[in-house]
Amino acid sequence: EPGIDSLISRYKLYNERLDGMDGYRIQIYSSSNNNAREESGKVRQEFIMKFPDIISYATFDRPGYYKIRAGDYRTRIEGTKYLLMVRRVFPDAYLVPDVINFPDLNKK
């Protein structure tokens, strides 16, 4: 029916405009120290070396916090599975709610 097709098209357009969806990421670093920018870069490089398959994100939040977060997990259970692996190297890591990238549905 044309009405249903119209609703589906609007739903697709709406979702394409969003920057992401609600989900979880693993926070491995957060600091506002004077050298936090350099420290966060080093921590991210170490993370990339140890976990090349998990994407990491460097962010800056006011009033001066540098953060390193990793992964795009739709559920807390999915994130916890990876958190247990990451904690072996980064024992202070924890799961945080965040806006994540949409999953690639074409990936097999």
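**Entry 1: Asp61 and Lys67**

I looked up Asp61 and found a salt bridge to Lys67, with the closest N and O atoms 3.1 Å apart. For the record, a salt bridge is a side-chain nitrogen of Lys or Arg within 4 Å of a carboxyl oxygen of Asp or Glu. Asp61 is partly exposed at a relative accessible area of 31%, while Lys67 is buried at 15%. I use buried for under 20% relative accessible area, exposed for over 50% and partly exposed for in between (1.4 Å probe, protein chains only).

This is a predicted model, in which local features need pLDDT of at least 70 and side-chain atom pairs count only at pLDDT 80 or more, whereas totals for chains, interfaces and linings use all residues. Residues are numbered from 1 along each chain as its sequence is written, and side-chain values use heavy atoms, leaving out hydrogens and water.

**Entry 2: Arg25**

How many salt bridges does a search of the whole structure find? It finds 4. I followed Arg25, whose side chain meets that of Asp72 in a salt bridge (2.7 Å, N to O). Arg25 lies in strand β1 (residues 21–31) and Asp72 in strand β3 (residues 65–73), so this pair ties together parts 47 residues apart in sequence. Strands (E, at least two residues) and helices (H or I, at least four) are DSSP runs, numbered from the N terminus.

Arg25 also has a salt bridge with Asp98 (3.4 Å, N to O). Asp98 is in strand β4 (residues 94–100) and Arg25 in β1, so here the linked parts are 73 residues apart in sequence. Arg25, Arg69, Asp72 and Asp98 are linked in a network of salt bridges. Is Arg25 buried or exposed? I read it as buried, with a relative accessible area of 8%; Asp72 is partly exposed at 25%.

The charged end of Arg25 also sits over the ring of Tyr57, 3.8 Å from its centre. The cut-offs: CZ of Arg or NZ of Lys within 6 Å of the ring centre and within 35 degrees of the ring normal.

**Entry 3: Rings**

I then searched the whole structure for aromatic pairs and got 4. Phe47 and Phe51 make a tilted one, 5.1 Å centre to centre with 35° between the planes. Rings of Phe, Tyr and Trp (its six-membered ring) pair if their centres lie within 6.5 Å; planes under 30 degrees apart count as stacked, over 60 as edge-to-face and the rest as tilted. Both Phe47 and Phe51 are buried. Together with Phe90, Phe47 and Phe51 form one aromatic cluster.
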